[in-house]
Amino acid sequence: MKQKTNFICVTAMIAALYVVLTFIANTFGLASGVIQIRLSEALTVLPFFTPAAIPGLTIGCLLSNWMTGCVLWDIIFGTLATLLGALGSYALRKYPWLVPIPPIVANTVIVPFVLRYAYGAADALPYMMATVGIGEILSCYVLGMILLTALKKFRVPLFENR
């Protein structure tokens, strides 16, 4: 029972952090559009530490997209991209430097199609893939690896079941 409660609490905290960080980025106009740098995407390294990050990131993305006024297709496919990225990150948890790659790839491939077909962005798909990909590299890889490195010191008290 204690482990299940811990899992739910960690999931909820990660989802809440994702929402808050998305709102901060959204305040500065960074969370959506062809060029986007979501601070919350740095959290995509958390599956390295705990499987609770998978539903946490997914729920956080779903809520963020809904609460920031995204269209239904963005809510669905943006959340799917985050889920796929989180699952991939968890699968690569034995290789810390590869953990950010799945969310980068998932978002670089999926988000430009959402921008084109859900929002009518007129830019070429390769251009949007490049801009979204650069934003994801900055968010997931640069910020994410800084976060992963910092949290490694606190792995046991933060993420290990007690």
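## Cores, rings and a helix crossing

Leucine 148 touches Val45, Phe48, Phe49 and Pro96, leaving aside residues up to four places away in sequence. Contact here means heavy atoms within 4.5 Å. This is a predicted model, in which local features need pLDDT of at least 70 and side-chain atom pairs count only at pLDDT 80 or more, while totals for chains, interfaces and linings use all residues. Residues are numbered from 1 along each chain as its sequence is written, and side-chain values use heavy atoms, with hydrogens and water left out.

**Nonpolar cores.** The largest nonpolar core has 19 residues. Ile14, Leu46, Phe49, Leu57 and Leu148 touch the most other members. Helix 1 (2–27), helix 2 (53–67) and helix 5 (125–152) each give two or more residues to this core. Helix 2 gives the most, with 4 residues. A second, separate core has 6 residues, including Val111, Ala121, Met128 and Val132. A nonpolar core is a set of buried Ala, Val, Leu, Ile, Met, Phe, Trp, Tyr and Cys residues joined through side-chain atoms within 4.5 Å. Helices are DSSP runs (H or I, at least four residues), numbered from the N terminus.

**Buried residues.** Buried means under 20% relative accessible area, with a 1.4 Å probe and protein chains only.

| Residue | Relative accessibility | Class |
|---|---|---|
| Phenylalanine 48 | 6% | buried |
| Phenylalanine 49 | 6% | buried |
| Serine 89 | 0% | buried |

Serine 89 lies in helix 3 (residues 72–91). Serine 89 touches Thr44, Pro47, Val99, Pro102 and Pro103, again not counting residues up to four places away in sequence.

**Rings.** The whole structure holds 4 aromatic pairs (Phe, Tyr or Trp ring centres within 6.5 Å, using the six-membered ring of Trp). One of them joins phenylalanine 48 and phenylalanine 49. That pair is edge-to-face (planes over 60 degrees apart). The centres are 4.9 Å apart, with 90° between the planes. Elsewhere, the charged end of arginine 93 sits over the ring of tyrosine 90, 3.8 Å from its centre. For Arg, this requires CZ within 6 Å of the ring centre and within 35 degrees of the ring normal.

**Helix crossing.** The axes of helix 4 (residues 101–119) and helix 5 come within 8 Å and cross at roughly 145°. Axes are lines fitted to C-alpha atoms over the stretch in contact, and angles run from 0 to 180 degrees between N-to-C directions. Helix 4 contributes contact residues including Ile101, Ile104, Val111 and Arg116. Those of helix 5 include Leu125, Met128, Val132 and Tyr141.

Terms used. Buried means under 20% relative accessible area, exposed over 50%, partly exposed in between (1.4 Å probe, protein chains only). Rings of Phe, Tyr and Trp (its six-membered ring) pair if their centres lie within 6.5 Å; planes under 30 degrees apart count as stacked, over 60 as edge-to-face and the rest as tilted.
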